[in-house]
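I opened my notebook and wanted to get to know a new structure from the inside. Here is what I looked up, entry by entry.

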Amino acid sequence: MPGGGHLARISYGHPGGRPDDFLAHWLAARGFTVLALSYPSDHPALPAAHPELTVDLWGAAAAVLTQRIVAEHQLGAGVILCGWSMAGRSVLPFARTARRVGLDLRCFVSLAASAPLPGLVPVLPAGELTAEGLWEVALRQPSTRLDNWYGQISAQAEQGRPIMSRDEYVRHYLCRHSVGLRGEAQRWDGQADVHDVEAAIRETGVGRWAEFPICAAIVPEGAQDARHALCDHLTWSAITAYSLGWRLSDATALSADTWAGLTAYSRRLSTDLVRFMPGNHFFFLGAAGARRAARHIEELWQAAENLHLVVAGALTPEPDVP
């Protein structure tokens, strides 16, 4: 699931681009089936923008679409949800709907994703909204954000091998979409933007930690993405810890050995479920970055599977010892 202002094409590339500069190519090489979902936007590739769309409605719809694709192609039900940037706000609605429709969500992997905690991302007073209520992310000219983003993409390229031109970036990747997908207090009521913090908390699932999946993170190291570089290894590990805390709240029933194993594992969460990568907010672009990010996704999925086994062992009633 892509971040703000971008089609899901950011994971698989544009016409004429080199596939090995993009994440989907390397995930497929590792045996994964890749589904990339673009949210409604004003891009010509999509039928309608839906300025009223909220993060919980989109997360739920994405899970339903994923289940349909899994059934149509007779794939295994196990799914790894990868979310870049803004897509981190959709984790809980995706997870809740996945359970309802029989989709086996094994884990979430953050690609510099914003945690579901409204207030982490600045909302400018002007709102950055079009007259139709769409979030004007980077397409307004001149755009400091566009200059910044394309500069970061260019920095991910190998010398003498650009990933895309600026025109290709604007034409094939960028879009305007509902401001409600940001997971912040700002939203569109059909006539004007309004600010409702309680709605943002409700839609992103703050506090419903027991319902979150295991959350892992790939964290960029570059100063260009300071917020994610400084925070993601802690925030996503903390959400997993909160989820485990709720599910294993009756710890007094566990044996001393089982409890010791759980506490030791919890102290390793920010190591076992985190990988760091050189680069910026677009660290998964370019052949080297995309290849390494794919490897880390597989490693984090395997780490999540190990944690599933640990939790299953703790939740299994221990036999009475005569």
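Entry 1: I began with tyrosine 169, which I find buried, at a relative accessible area of 0%. A note to keep in mind: this is a predicted model.

**Entry 2: its partner.** Next I checked tyrosine 173, and this residue is buried too, with a relative accessible area of 0%. I then looked at how the two rings sit: tyrosine 169 and tyrosine 173 make a tilted aromatic pair, with 6.2 Å from centre to centre and 40° between the planes. The pair counts because its centres lie within 6.5 Å.

**Entry 3: another pair.** I moved on to tryptophan 209 and phenylalanine 212, which also form a tilted aromatic pair, at 5.4 Å centre to centre and with 35° between the planes. Both tryptophan 209 and phenylalanine 212 are buried.

**Entry 4: charges over rings.** I looked for charged ends above ring faces. Arginine 268 lies over the face of tyrosine 265, 4.7 Å from the ring centre. Over the ring of tryptophan 26 I found the charged end of arginine 291, at 5.3 Å from the centre.

**Entry 5: cysteines.** How many disulfides does a search of the whole structure find? My search came back with 0. Cysteine 107 is in no disulfide, and its nearest cysteine sulfur belongs to cysteine 82, 7.3 Å away. Cysteine 107 is buried, at a relative accessible area of 0%.

Entry 6: I finished with a search of the whole structure for cavities of 30 Å³ or more, and it gave 1. The largest cavity holds about 40 Å³ of space. Which residues line the largest cavity? I wrote down Met1, Pro2, Tyr39, Trp58, Met86, Ala87, Ser90 and Leu181. Sorted by kind, the lining has 7 nonpolar residues, 1 polar and no charged.

Terms used:
Residues are numbered from 1 along each chain as its sequence is written. This is a predicted model: local features need pLDDT of at least 70, side-chain atom pairs count only at pLDDT 80 or more; totals for chains, interfaces and linings use all residues. Side-chain values use heavy atoms; hydrogens and water are left out. Rings of Phe, Tyr and Trp (its six-membered ring) pair if their centres lie within 6.5 Å; planes under 30 degrees apart count as stacked, over 60 as edge-to-face and the rest as tilted. Buried means under 20% relative accessible area, exposed over 50%, partly exposed in between (1.4 Å probe, protein chains only). A charge sits over a ring if NZ of Lys or CZ of Arg is within 6 Å of the ring centre and within 35 degrees of the ring normal. A disulfide is a pair of cysteine sulfur atoms within 2.5 Å. On a 1 Å grid over the protein atoms alone, a cavity is a set of points where a 1.4 Å probe fits but cannot get out, and a pocket is an open set with protein on both sides within 12 Å along at least five of seven lines; lining residues have an atom within 4 Å of a point. Grid points are joined across faces, edges and corners, and a volume is the space filled by probe spheres set on the points. Ala, Val, Leu, Ile, Met, Phe, Trp, Tyr, Cys and Pro count as nonpolar, Asp, Glu, Lys and Arg as charged, and the others, Gly among them, as polar.
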